[in-house]
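Please keep the model open while reading.

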Amino acid sequence: MTDHRFRFGIIAGELHSAERWTDTARRLESQGFDVLLVPDTLNTLEPSIACAAAAAATTTLRVGPYVLSAPNRPPGMVAHQA
């Protein structure tokens with residue numbers, strides 16, 4: 001049997017200041033979360049920027065978009081942001 005570690009994740013991305021967002025990412029990491037996913041809606045942070053900020057503020061937290069909304073982010077915009 002293969003030994004796989006169980007990971008705990010959370011979905012977050014409320015619109016707040018950059019300082020509050022990075023504090024949230026650090027707090028989640030310190031609480032033992034392994035994964036932070038950012039949704040893509042009109043009332044949340046832009047996923048690429050939010051993921052970059054969270055990754056820069058933490059050391060072990062895995063970050064990524066939960067989804068990318070095609071009506072909000074056409075392929076050209078996603079390519080440009082990447």
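With the side chain of which residue does the side chain of Asp34 make a polar contact? The partner is Arg5, at 2.7 Å. The model is predicted.

Asp34 sits in the loop between α1 (18-30) and β2 (35-38). Asp34 counts as buried, because its relative accessibility is 13%. Arg5 is exposed, with a relative accessible area of 62%. Beyond its neighbours within four places in sequence, Asp34 is in contact with several residues, among them Phe6, Phe8, Thr60 and Leu61.

**Salt bridges**

The structure holds 4 salt bridges. The table gives some of them.

| Pair | N to O distance |
|---|---|
| Asp34 and Arg5 | 2.7 Å |
| Arg26 and Asp23 | 2.7 Å |
| Arg73 and Asp40 | 3.1 Å |

The side chains of Asp34 and Arg5 meet in a salt bridge. Arg5 lies in the segment before β1 (9-11) and Asp34 in the loop between α1 and β2, so the pair ties together parts 29 residues apart in sequence.

Arg26 and Asp23 are 3 residues apart in helix α1, separated by about one helical turn. Arg26 is partly exposed at 37% relative accessible area. Asp23 is partly exposed too, at 35%.

The side chains of Arg73 and Asp40 also form a salt bridge. Arg73 is in the loop between β3 (62-65) and α3 (75-81), and Asp40 is in the loop between β2 and α2 (47-57), 33 residues apart. Both are buried. A network of salt bridges links Asp40, Glu46 and Arg73.

**Largest pocket**

The largest pocket has a volume of about 160 Å³. Its lining includes Ile10, His16, Trp21 and Arg27. The largest share of that lining, 5 residues, comes from α1. By type, the lining residues are 4 nonpolar, 3 polar and 3 charged.

Definitions and conventions: Residues are numbered from 1 along each chain as its sequence is written. This is a predicted model: local features need pLDDT of at least 70, side-chain atom pairs count only at pLDDT 80 or more; totals for chains, interfaces and linings use all residues. Side-chain values use heavy atoms; hydrogens and water are left out. Helices (H or I, at least four residues) and strands (E, at least two) are DSSP runs, numbered from the N terminus. Buried means under 20% relative accessible area, exposed over 50%, partly exposed in between (1.4 Å probe, protein chains only). A polar contact is a pair of N or O atoms within 3.5 Å; within protein, one must be able to donate a hydrogen and the other to accept it, and residues adjacent in sequence count only if both atoms are side-chain atoms. Contact means heavy atoms within 4.5 Å. On a 1 Å grid over the protein atoms alone, a cavity is a set of points where a 1.4 Å probe fits but cannot get out, and a pocket is an open set with protein on both sides within 12 Å along at least five of seven lines; lining residues have an atom within 4 Å of a point. Grid points are joined across faces, edges and corners, and a volume is the space filled by probe spheres set on the points. Ala, Val, Leu, Ile, Met, Phe, Trp, Tyr, Cys and Pro count as nonpolar, Asp, Glu, Lys and Arg as charged, and the others, Gly among them, as polar.
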